[in-house]
Structures are given as structure tokens and as C-alpha cells.
Amino acid sequence: MSMAQSPEPLDVDRERTRTGMSKTALKQGFLDNLFYIQGRFREVATPHDLYMAAAYTTRDRILERWIKSAQRYKTNQSRTVCYLSAEFLPGPHLANNLVNLGIVETATEAAHELGLDFDAIIAEEAEPGLGNGGLGRLAACFMDSLSTLQIPSIGYGIRYEFGIFDQTIEDGWQVEKSDNWLRNGNPWEIPRPKIRFPVLYGGYTEQYRDHDGRSRTRWVPAQIIDGVAYDTPILGYGVGNVNLLRLWKAEASESFDFQAFNVGDYYGAVHAKIEAETISKVLYPNDEPEAGKELRLKQQFFFVSCSIQDMIRLQFNTVGPLDSFAEKFVIQLNDTHPSLAIAELMRLLMDEHDMDWDRAWDITHRVFCYTNHTLLPEALETWSVSLFERLLPRHLEIVYEINRHFLDEVRVHFLGDEDRVRRMSLIAEDGERRVRMANLAVVGSRAVNGVAALHSELVKTTLFKDFHDFWPDRFHNVTNGVTPRRFMVVANPRLSRLISETCGSDDWIRDLDRLRDLEAHAMDSGLHERWHEVKIAAKRDLAAWLKHRTGVLLDPEAIFDVQAKRIHEYKRQHLNLLHIIRCYQRLKQSPNQDMVPRAFIFGGKAAPGYFMAKLIIKLINAVAEVINNDPQINGFIRVVFMPDFNVKNGQHLYPAANLSEQISLAGKEASGTGNMKFSMNGALTIGTLDGANVEIREEVGKENFFLFGMSAEEVSQRQREGYHPWEHYAKDAELKSDIDLINSGLFSHGDTQLFRPLTDRLVNQDPFMVLADYRAYIACQDHVAEAYRDHRHWTRMSILNVARMGKFSSDRAIREYAEHIWRTEPHPIDL
Ligand code: B1H
């Protein structure tokens, strides 16, 4: 990223200085912004003032590109990708934008000359935590790649006033604190008060005749709320293209005459305002759908309706008539959360724009594509028909009509197979009638994809088997990827520099396959030494960070064994714990044994209402307390829980990991993306054949991956045969003693009941087969420890992991979407 800059004199003309890229221009811009926007002079500026000035100075340089992009996109006939997602987790913008502008070094020097601590300024930024985990982060990686690949696109979502909660740990338990990320202002967003759409809820529908005498439907709503656009520019790496992240904020409607409803009722009017703003108030902190929550359905419809109305507005502003809507736009549904968009587009085309059913349906089903992210039955969204009808009466009629047309086709194709018709229906009729959002998404889309090869296979053969029988060509796989800009260049500058020097160029940042050039040096002892130094330096940084935040001191020479992801039983953090307890027992039994030192590091949030996940966090901290304070252990093993794992904190973790824990039960993790982030930073993976692990292992080579556990196939076979976890408990003495140690009260100050819900569930039900994989996991961990003793060999494996990660760039994923699913072309913006 070196950008050789010849210093410019201070008196360059003001026009150029405002957005110039020289050190002088950056310094001038920074001081101007500090003065004119923050209203501060250098001596009294707070760290936050300095951050704001740096952010505005960076944003000034993006805006020029943004406007050029907008002009270009308006006049050309290019197809625009609209990525609809209830979640976006972009992470802090400043450092990423500096990387993408190519001015990290210049900005660092400029800051230095102004006597500023640049790292401290960057650390000031609040994380925009508008997502739960992988699904939201994927959306952010895709936005980065769409811009970098110069594909015109808009990310549409919700501007939650409160994002994912901040996690603190108190007495070992997770405590949630509200995330007031907008408290100090957000320099990256530009409010667009004129881009405002009404969103309707409730009421009833009625038939009427239009002036041509045709029968039409009118929706008479009970409530109208406005959505206002807030735009954040998303700059590509080393290009002029800036795409848009357009997030909607809910406000009381101006057009809706609530004053008439509240004649003289001032408090009533204020109440209506508060109620309106509730819609974009807070992100639901679950990585599973919130069963039956009316506000969640309102949120989904809110951002979907604004987004579709906005696209129709753009269509009229650019190409014109709606007939070419599906040529101008493609809408990618990030899971089913935005799938109401299908019914909403039908409604707008028919009720507001006079189209008949067939024309509207032709456009609709050509414009939508749907990505499925999970097979877990509890994560498949359904809404009760009664709630749906109360909130969206017109949309229920449309869903019924889509269903009627669709089921007629199914009946023709599968004569007499009424069972199949029942399974495929958009409405579940067993028990309380419910709308199946996944079925709506499949029926309304021209392409459906899973997020890793194994997952996409399981989508076709299990979850959507009936649909795949009917429409085999509709199903695709696009394996997830992550952006190397954030997860390598921003997170790990030392490694990035070493890679660029070794490969002789930084081209890998835009073409990750170029990492292959490292392979030629994989045996080079000079590289080995520097590689090891880079890793150790990151481990020291992380150790200092963790010491400061948790008080636990880690040994940088130890294996940094990391599991960072949402806490969930299927991800099996408790399997990791059983291994830790095994190491502890071994050390207690033979204190003088030659064990390879390990630091076990966990990070991740539990859904506030997910008791078992919260108990797992408590157990991690309880085990940590005992082990870290046991003088006999003498620091050989250490356990630490990193509080508040998010994008920002993750950036400390990935560069420092030696071992990446990807140990979900096979068939449960759709893809995983943390697995990619760790491996890109030189961690080796211990993992099952689940999600993208399968492909990571294929790429890096099986000799450079620690595989254990049952395959998805074996898992379903075991389940069919009947799984009895207590048999493992009874037969495996070490397993039994590990579980018994938890029950003994050792980790709970003598309380033998505290962890009983967890241990009982493992012994009696164990839905994610922890006990079945325990023995294989322990054996595999022993291999890891042995392999780590051979430093040269380990380093070689680490280099090869990085060298072979090209496939897992989100650039590759976006290229596949563009080519096979969206059929879009790049539109370069000249700098
Ligand atoms: C993933 C979700 C998810 N799959 C419901 N499903 C949510 C479902 O708020 N909700 O209602 C939120 C999130 N998230 C993850 O997607 C998968 O578990 C990962 O395996 C995958 O890597 C990621 C991105 O595809």
C-alpha cells in the first residue's frame, strides 16, 4: 500500500486541498474539519474530536468519488444489485476507508507530524453493530467486494438506533448493555430527509372499480409510518467506485393526519411519534427468528417497503417504464428476513402501478434471488396467518394468490401427490396456520443458493427437496467469502507487509489467488523466521489487550487456541471445554508431564434469552477462574473469555491465533466465515467436515488441516439408528470424569447443581452429539500439540494455509453471483 507522495507546498489552491491526497492536504483538511465541524482548536480537542476530524477528512475524499459514481450509474443502463438484508455489520469505517483510498501511510505520517497518536484515533470509532454475526458480516464483506469489483449496487437495511448489545462479564455471567452507537454522532452517514417513503400497516382491503371499470383492490391502512434514508458510502479498494449502504430510519409520518385522530390530544400525538420511531429502534439480538414478535415483522416490512419504493423511484428517474424493472435491478434476499419484498413488489406493481397479475408476476419472479443461510429447523421463519393478516392484510391476499397459482402448477406436475402439495404450500396447515417465508422466497425467486458446497447439497436433498424436484435449475451454490481488505490488511498490517514483500507486490489484496506466490517460499527459513516473528508480535499485542481487559496474562509462546463466534450448542463451545478440562486433569494427575503450553481463548455473545448458551459462558469463566488460579498448573494452560466479541475486537484475535476452532456438528453450520478469517491470518484449523471447512481443507490440503469427528452422512445415520449419549458417558472413563468434575462443584464453589442443566442435557439428550465426537476431538487435539512442537513444520503449514486461501475472498463469491446469478457487469469509475 505504499503510496510515494511528493510533499506539496502549503499554499496549493483551496479546491485541491479540500480533497487532495498529499500529506499536506490531509493535515490541512484535518485541521479545517477540527475547526469548522468540531469547533475545536488542537489544544482543547478531545480524542473523540480528533477522531471526528479524521473521519470527515477521509469522508471528504470519498464523497468526490461517490458523486462521480452516482452520476455514472444514473446515465448508464447498467443493472444494479440491491442487497436486501436485515443486518449489516460493517465494522469501524475509518481504517478500512484509509486502506481502500490507499492513504494509510500518508495519513499516518500526517498524524505523526501533527503530534497525534493515530492508533488511538482509529480506536475511538464506535462499532456500527447492526447485525448478530456471520449473516450480517457477510453482507458487509459483499458490499466491500461489490464496490471493489465495480458493480453498481445498493445495500438496503435498517438504521437501528441500538445495534447488538455490548457484552460485559459479571461474576462469569454475560450481562447485556445497550449499544448506543449513535450517541456521539456518525460522521459516515448522510441523512437524506427528502428520500422518504410511507409504510402502511394494518387496516383492511376493499374492492373498487377504476375508471376503466376494472375491479381493483385498495388497502386502507390503520397506520402509516415514514422511512427516511441514511446513506453510508462504501468505497471499493483502489477504485473510484463508491456504492451505497442505504439504511432506513422510522419516523412519524407527516402525511398521515394523526392530528385529526388526536384533536387536542397532544400527548396522543407524541405517543404516535414515539411508536413510529420504535420500529427502527433496536436490532433483535437473536441469531434465530424471534417467534411471533409483531415488532420484528413490522421491521421486516418497514425496510422492505421503503427499499422497493426507492427502487421504483430510481427506475422512473433513470430508465423509465416499469416493464424493464427486472433488467434494471436484481434483488438479492439475504435469508428470508426480507422476503416480504416479493409480495410488496407485487402489490406496488398491481395496486399502485396498474399492472395485471401476470405482468407483475413475470417481473417479480425475474427480479428476486434468495440466499438460504441455515438448515436448522428452529431458524426457519414462519409467521402466524392471524398476525400476518392483522398487520399486512393486502399481502396475505397476495401470498394466497401466489400460492394458488403455484400449487396448481405443482398439481399438474405431480398428479395426485397431495402430500407433496401440502409440504410445498406457502401456508402450513398443521396446527395454527402459518406463512412459510422460506417457501415464499423459493417460489418468488429465479435463483436460490446455499452458502457452501455441502450446505447447498443439503439444501437440495433435505430442506428444499420437493422444490428441487420441481425446479432443479433454480438451485445454486455460492460458497461464502470474506474481504481480505478488512480481515488481512486492516486487521493484520504486519502480515500484509510481509506477504507483499515476499510476493514482490501487493496485487494479492485485489486478487487473492496471488497468495499462491507464497508457496514458492514455504520452505525458505528466512521467511519462516519473519513469519514466526509476525505471529509472536500479534500474540504479544493480544496478550496485552486481554491482560488490560480481563486481568488474565497469557504466555505468547503458548498455542493460542481460539474459538470466537456466537455461543450456540450446535457450535459446541462445550466440546472445547471438555478438552480443556481433560488437559487440566492430566496436569493434575502428572504435574511434571511435558505438555505444550496452551492459551484457550473464547469470544462470542449469547442470545439474551438463550439460557443454555449463557450457562456455557458461565462455565467457560468458571473453568478459567479455577485453572488460571491453580498454582500447580503454573500457567501451562490458561483460559480467557474475551468480552464483547465484535468486528473491532475480532481484529485483535485473528492475527494472533495459532489454532482456529471450527468444531460444529457436521451438517449444522451452513458455512462459517470465521474459519476463513483465521486461516487467512495463518491459523491452522481443527474442525469437522461442516460448512466451508470442507472446502478450506480441500484447498489447504488435508495434511495442513486437523480433521476430526463424524461426517454429516454419519450424523444422520446415527440419528436414524437412535443416539444414546449416556452410553458414551458410561463407556469412556475420561469423558465421564470430565463431566463428573463439572458436577462436583469444583468450578462453582461447591455448588453441584449450577451446571446440571448443561451436563444433564449432554448425558441425556445431547442434540449436537458432543459426546459422540469427544474421543476423536481429544485425539485430534493431541496431534495438534505434537505438531506444534515442530516449529518449522508448523510455520510451513501456516504459510501454506495463507497461500491457499484465495478461494475464500468475497471477491470470488461476488464474481460468482455476478456471473451465474445476477448477470451484471462491472462499471469502472475513473479516478
Ligand atoms: C446464519 C442466520 C440467522 N444463518 C436468523 N442464519 C437471524 C438467522 O435474526 N435472525 O432471525 C439471524 C441470523 N445466520 C449464518 O450465516 C450461518 O449460521 C453461518 O454458517 C454462515 O456463515 C452465515 C453467513 O452465510
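The UniProt annotation "modified residue: N6-(pyridoxal phosphate)lysine", from an unreviewed entry, covers Lys 677; such annotations may be inferred rather than shown by experiment. This is a predicted model, where local features need pLDDT of at least 70, side-chain atom pairs count only at pLDDT 80 or more, and totals for chains, interfaces and linings use all residues. Residues are numbered from 1 along each chain as its sequence is written, and side-chain values use heavy atoms, leaving out hydrogens and water.

**Around Lys 677**
- You can find Lys 677 in helix H26 (residues 674-680); a helix here is a DSSP run (H or I) of at least four residues, and a strand (E) has at least two.
- Lys 677 is buried, with a relative accessible area of 6% (buried means under 20%, with a 1.4 Å probe and protein chains only).
- Beyond its neighbours within four places in sequence, Lys 677 is in contact with Arg 137, Val 482, Phe 487 and Tyr 654 (contact means heavy atoms within 4.5 Å).

**Around the ligand**
- An oxygen atom of the ligand is 2.9 Å from a polar backbone atom of Asn 286.
- For Glu 288, a polar backbone atom is 3.3 Å from an oxygen atom of the ligand.
- Arg 296 has a polar side-chain atom 3.3 Å from an oxygen atom of the ligand.

**The sheet**
- An open sheet is formed by 6 strands in the order E19-E18-E17-E20-E21-E22, with parallel pairing (strands pair if DSSP finds at least two bridges between them).
- Strands E19 (637-642) and E22 (706-707) stand at the edges with a single partner strand each, so one side of each has no neighbour in the sheet.
- Strand E18 (residues 598-603) is joined to E19 by 6 bridges.

Methods: Buried means under 20% relative accessible area, exposed over 50%, partly exposed in between (1.4 Å probe, protein chains only). A polar contact is a pair of N or O atoms within 3.5 Å; within protein, one must be able to donate a hydrogen and the other to accept it, and residues adjacent in sequence count only if both atoms are side-chain atoms.
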